[in-house]
Amino acid sequence: MITYLLKFKWGDYMQQLFEVLLIFTAFLSLVPVVKIAKNRKDSKYLCLKVLIFSMFAWTILIILERVSTSTWLIYYAGMLGYPLRIGFSILMLCTIFQYVDKKLPKFFLKFFGILFLADFIIAITNSQTQLFLELSQTELTSFNQLYSAANGPLFIYHLIVSYLIALSAIVLLFVYLAKHNGARQYKEITRMMAISIIAVLVFNSVQLFLIDTNVNLTYISLVFVAYILYDIIYRKDMIFNLRASGRSEILANMREIYILTDTNKRIIEISNSLLEKYGLTFEEVIGQPFDKIADKIADKVTFYSEYDMDEHAYEEKDHYHLREKEFKLKGMNESGHMILLYDETQIYKLLRELNRLSNYDSMTGLNNRNYIENVLANITKTKNIAVFSMDINGLKINNDYLGHERGDYLLKTLANNLKKVFKDIPEKDIARIGGDEFLVILYDVKANILEEKKSELLKECDHEKIDKKISVSIGVTYDETGSQSIYKLIQRADAEMYEMKAKISMIYQGKMIEYIKLQDKYIR
């Protein structure tokens, strides 16, 4: 009784409202078709595009159904709405799979293909079987009968299968969202799709149980769903916006390498030049976190925001200065990140060379006086610091009588010996601070290793042949309590070194003079 009163009271009013809504829906179905047609080469969302064009095809059938004078055309235009309905559900599921970067299993593709074909065959043979609608083509006199005739025995199953497929798409989205907690762009489409499914159920329930109308409310609700998919997935997709606006062409021709990521730093677009240079493929990069890709090419590339001239491990890598900026596309609530990579490998090499000239001794490869003075200025605590002060004995005699090549040999050999002897000390500074003067500072060491290191160095420098021997004077100091300044420690080490030099330097020079006299062909 209540249902009858509702139909009687609101019938005419609702009929007019639904007809207006039908006209609006027909125009709405045209909008995505026009937009997508302008970007036919973009194959990113194939299922969505097929869905949009199918939606427009159904619009044409709805129009033919209402304006045609041919009962045959009216009948079959109406019946083709059945396979289109189930096709909509299949394409919606396929669209969601593509959106979450998944592929429909081949089994499901075959099953859905058979299901759609069966639905199509039942629809076009309904005049004989009446499985969907208890109305034959010969009985039809007006399109109104398509909506007033009784439903066939398979109609309810057809409706249930359609909804199950559509609902499985929503379930897939919720599962995907659970694995990507915090990805707001997926929350938006999940929320809108849930609203869409509710709208479909409401519209169909109204038509089935409350109001008799000759307007296909299922068509209206599914067009509404398709448009929401188009709006969220396609129109508001970051990459599509870039391509449609031409901004991707600008990016592709930039000198800098660019990477676009979503809110969660997952890559959505990347310069081809970066892919080609480091042997990456588009498929293995898109959708991956930027940090993961950076780690993958870490043996070839270093990314940095600040220069670090002291990192020798990075010398052979390509160097990219990384700058990052958050951005938003117009009409979207979601943000992304643009990462610009400036190839500064040559600049980095030049800066390293300038740094080397400023802080390293070109002869020995050790740090120079400029470097060590900067280090000393920053030492405020001297606890457990040791200082080795060294001076090569007889360097002037070697240079004057055997040539500067001989002097260079002595300097380089001592430098190599210093590196060898102190290589097991983690924290240290080794420098050549003058013509024949060297300084070593050891940090956080024990006093008991100092004499051992001094003896080891003297042993490395000693040789039975005078021309292979490096005569070196060494002074060592150590501060166990941190009560002395670094300069005081150096002063004490120098004093000890000069004390040793006074004892052995003249002896070494005397032996060298004897050697030089015997080897007078080398005298200059």
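Colleague: Let's start with the helices: is the crossing of α2 and α4 left-handed or right-handed?
Modeller: Bear in mind that this is a predicted model. Helix α2 covers residues 46-67 and helix α4 covers residues 81-99, and they pack with their axes 8 Å apart. As for the hand of the α2 and α4 crossing, it is left-handed.

Colleague: And are α2 and α4 roughly parallel or roughly antiparallel to each other?
Modeller: The two helices pack at an angle of about 160°. Angles over 145 degrees count as roughly antiparallel. So α2 and α4 come out as roughly antiparallel.

Colleague: What about α19 and α20, what is α19 relative to α20?
Modeller: Helix α19 (residues 404-421) and helix α20 (residues 450-461) have axes 10 Å apart and an angle of about 140°. Their crossing is right-handed. With that angle, α19 relative to α20 is oblique.

Colleague: How many salt bridges does the count come to?
Modeller: The general idea is that side chains of opposite charge can pair when their charged atoms come close. Here the rule is a side-chain nitrogen of Lys or Arg within 4 Å of a carboxyl oxygen of Asp or Glu. Going by that, the count is twelve.

Colleague: Lys 265 and Glu 324 meet in a salt bridge, so how many residues apart in sequence are the parts that the pair ties together?
Modeller: The N to O distance for Lys 265 and Glu 324 is 2.9 Å. Lys 265 sits in the loop between β1 (257-261) and β2 (267-270), while Glu 324 belongs to strand β4 (residues 318-328), so the pair ties together parts whose separation in sequence is 59 residues.

Colleague: Where does Asp 318 lie?
Modeller: Lys 277 lies in helix α13 (residues 272-277), and the pair ties together parts that are 41 residues apart in sequence. Asp 318, for its part, lies in strand β4.

Colleague: Are Arg 432 and Asp 361 buried or exposed?
Modeller: Their side chains meet in a salt bridge at 3.3 Å, N to O. The pair links distant parts of the chain, 71 residues apart, with Arg 432 in strand β7 (residues 428-432) and Asp 361 in the loop between α16 (345-359) and α17 (369-377). Both Arg 432 and Asp 361 are buried.

Colleague: Which residues are linked with Asp 424 in a network of salt bridges?
Modeller: A salt bridge here joins a Lys or Arg nitrogen to an Asp or Glu oxygen within 4 Å. In this network, Asp 424 is linked with Lys 453 and Glu 456.

Colleague: How far apart in space are Leu 341 and Glu 324, C-alpha to C-alpha?
Modeller: Leu 341 is in strand β5 (residues 335-343), and at 0% relative accessibility it counts as buried. Leu 341 and Glu 324 are 17 residues apart in sequence, and their C-alpha separation is 8.8 Å.

Colleague: What separates the C-alpha atoms of Ala 166 and Leu 93?
Modeller: Ala 166 is part of helix α8 (residues 155-179) and is buried, at 5% relative accessibility. Along the chain, Ala 166 and Leu 93 are 73 residues apart, yet their C-alpha atoms are separated by 6.4 Å.

Colleague: What is the phi of Asn 384, roughly?
Modeller: Most residues other than glycine have a negative phi. Asn 384 is found in the loop between α17 and β6 (385-392), and at 17% relative accessible area it is buried. Its phi is positive, at about 65°.

Colleague: What is the accessible area of the nonpolar patch that includes Leu 117?
Modeller: Leu 117 is in helix α5 (residues 106-124) and is partly exposed, at 48% relative accessibility. Phe 116, Phe 120, Ile 121 and Ile 124 are in this surface patch with Leu 117, and together the accessible area is about 410 Å².

Conventions
Residues numbered from 1 in each chain as written. Predicted model: local features only at pLDDT ≥ 70, side-chain atom pairs only at ≥ 80, totals over all residues. Heavy atoms only, no water. Patch = residues over 30% accessible without salt bridge, like charges linked within 9 Å, V, L, I, M, F, W, Y side chains within 5 Å. Areas by Shrake-Rupley, 256 points an atom, 1.4 Å probe, with all protein chains shown as cover. Helix = DSSP H or I, 4+ residues; strand = E, 2+ residues; numbered from the N terminus. Buried < 20%, exposed > 50% of the residue type's maximum accessible area, 1.4 Å probe, protein only. Axes fitted to C-alpha atoms, helices over the stretch in contact; angles between N-to-C directions. Parallel < 35°, antiparallel > 145°, perpendicular 65-115°, else oblique. Left-handed = near helix turned anticlockwise from the far one by under 90°.
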